[in-house]
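Visitor: I am new to reading strands and sheets. Could you walk me through some?

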Amino acid sequence: MLNSRSPPQSKQQQQSPGGSAGSIGSVGSLNSSSSSSHLLGHYQSAYGQQGHSHACYQHQLQLQQQQQHQHQQHHHHHQHHQHHHHGGRTTLTPTMKRGKKQWGTRERSGMSFLIVITFFAVFGLIILTEVFMIDERTHSGMLAMRAGTGGVIQGGRMGDSLPDYDNVKDDYDLLDASILSDNKLGFIQLRDNKLKIQEAAGADGQRLTGMLLNGNGGGGGAGAFGVNVPLIPWGQVLPGKVEETLPHFPFGTRPTDGAWQVVNGTRFKFFVYSAYFDRREGARLVRVVGATKTRGPERVWCRFWYGPNPANASEAGSSSSSSSARAKFTSATVMARVKIIRENWNLKYSACFILCPVRTPPLGVPQYVSVVSRLRAPPGNLLILRNTDQDADFGPTGHQSNSSKRAAGVTGRHPPSGENIPDRIAVCVKPFHFNYDQALYLMEYLEFYALLGVSHFTFYNHTLGPHASCVLDSYQQGLVPATLTAFDLEPLLPSEVANNATPRVLRSPNYQRPTVSILPWNLRMRSQKEIRTEGLFAALNDCLYRTMYRYKYLALVDLDEFIVPRYTDTLNDLLNSLNQRFRNRNTGAYSFQNAFYYLQFADDSLASSGIEGGNDQLASVRASLVTQRKTRRRYKLHPQKQRSKYICKPEAVVEAGNHFVWEFAPGKGSLNVPPKEAILQHYRVCEFGGNDCIKAPSIVDRTTTKYVNRLVERVDAVYRHLRQRCDLPALPTLPNPKRSEEKLKMKETKPKSEDTRKQVGTATEEVKKDTKTATTTATTSTSTSTTKAKVTTKKVATKQEKSNPVSQSPSTTLKPTSAPKQSQPMASVRKKRKLIVFEVNDFGVPVARVEYQ
């Protein structure tokens, strides 16, 4: 009875609330049921299976329910406390829990990706800072040096402001308080191309020395270290008592002009090539052309050397180092500034200018210059200063000796300027490399520009082949003939042809054999790895200052580039015409747009036609000239400053570039020459490799043919004169016209049976491709093949009759072999490539036509 009336456990589980609290309540009901069964077993064991009253049982159940109800209230109170503590967060179902878990995973993945991106961004910023910011230098600044006799560097080393020397103290441990008691040291700032000289006073009576390098000097000589110190900056001269302690004139070193010399005592490569005196705009500046580290160049000094007179220039390298000879030379030391030439392609080394002002008083224009990095070390270079009043190029006319000039009291004269400069044109070419040895093309280059009015060429020999070297030496020594008798006829315009006008005769009455200068270029830097193309920007700027005041115009072009005028015969006439029409006195350069004449284009047929009235030798010469063979160019021209080249006035340019001028003199600028006046004809292979460049739209431009007779005569005369002397190779042979005519006759006299077989074969191939239903079942017998040929010939004939029903009379019959004859050229035309070709008419207007190649 008692076991049958025991309360089921399922009813107690139903009383628990839902959700998470119900789960906890169900666990509590299970525990209570197990405890009730335990009490029931104890009750049975105590009373031995005897029946009891129903009230006892009900009393026991009420006690258990009260305990269970109290437990539920306690749990509900705890859950309410947690609900209040978590800010009213509702309970989540299992589905909601899974969604929350997935959302948290996506969020964490997004945060991880953001952290990675942030890390790489910060890392890239650090790299850019290392590359572009650490070695940045400004044009003004300073570095305080050793104080008096204390021997302490003021402020220590700040960043990378000190020179990159292993031991700096020994180089500048020169001055003491007694020497600097005059308190006349100052510093110079270069801002807006103006020199500002400011006196510097010592602090607390101390006398210090230093140099202004790369910071901004404050008022009263306040330096970057926060102390008032007198400085020896860029352009300041060392005191005379200090100069007496420095090494004397290097008699063991031969003065040079146009040769690379080393600057001793530097951590990185540092070379100097030439030195020029720049007096433009009232300045007095020694400008040395050199090559050094692109970023953070090392600090150097200029040591000026003064002799008794210019006649000792030849005696300096050979005289002995006696005390009397040393007494003839005095020196002055100036802090230099290194200016990197802009076009350096971010390579490790670059061409540069070393700038050293000549302050007057007390300094005069020196005769020699040495660039040193350690003042106590003997100079490792000795450069002749050019463009001075004592320059031999600007001396009095006549071939007087130096002794006669000194006896007459002649000390030289100022270089010419403005309209007094000779109206001549010079050409500068970048250094020869890769053992350049194209002798015939070099003759064409020299003679073509000579016909254009160029009188002088400056070359730099890095590596030159034997044949080309012999040709240049012959021009330099004047061993080539200088005669020119040929003439050309200028092409007539259509209006002139209609009026029966006679063509104008083009002669070169002012032709002169060009002069050549060849300078060594043994720069010890790896091309394209350490410096750009054998340091060509140092060569261009050296040639700029070398030709200054000597030639009115200077063209900076490569060996494969020709500036060709269209309506004038010489470059002098072109420039004079531009000056008269534009009337711009501020023009410092004339820029010409570039046109590619790809060498992959087919040769012009006129190049192999020979010379009118000439022999086979002249015909071979003409067929060998690049300017006459390649007359097709790319239709689109490059814009200005992209592949363009220029002719400049040397005195109007401060820094020359490859394709344009980087820096002009104040008030000067560049004039863009219209392409209808002249263009730069650039003969080269495809710039990106392969032969895809010839697929671009092209045009035939035969402007250079107006020089053909004169050019061929000059190149032929030089070639025949130097063939044995320079062991020149033979000219390429022209195709024999008789042999070509015989080949054509052989083709025409072939048996007709062979032609008909070929024609029938081509007809059967067309029938197989176009009409599949017209043929019957294929067999290997010869009879079926002949019947197919007959069917095809009839079908072609009927097609032609339908296409031309009016023009063809009904009486005319078409032979079976005529159809294959017409189908053969059609098949060959389909194999050729269709091109759109532009030609320039007599009015200069491009005309398009279709051509197959």
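Visitor: Which residue in β28 is the bridge partner of A595?

Guide: Look for bridges first, then ask how the strands run. This model is predicted. Here Q681 of β28 is the bridge partner of A595. Five bridges join β22 to β28 (residues 678-684), and the two strands run parallel.

Visitor: What is the strand order in that open sheet of three strands?

Guide: The order is β20-β28-β22, and the pairing is mixed. Now check the edges. β20 (561-565) and β22 (594-598) each have a single partner strand, so one side of each is left without a neighbour in the sheet. From one strand to the next, the twist averages 30°.

Visitor: How many strands form the open sheet that includes β14 and β15?

Guide: Seven, in the order β18-β15-β14-β19-β24-β21-β27, again an open sheet with mixed pairing. Its edges are β18 (515-520) and β27 (669-672). Each has a single partner strand, so one side of each lacks a neighbour in the sheet. The twist averages 25° from strand to strand.

Visitor: How many bridges join β14 to β15?

Guide: Four, between β14 (residues 425-428) and β15 (residues 454-461), which run parallel.

Notes: Residues numbered from 1 in each chain as written. Predicted model: local features only at pLDDT ≥ 70, side-chain atom pairs only at ≥ 80, totals over all residues. Heavy atoms only, no water. Pairing = 2+ DSSP bridges. Axes fitted to C-alpha atoms, helices over the stretch in contact; angles between N-to-C directions.
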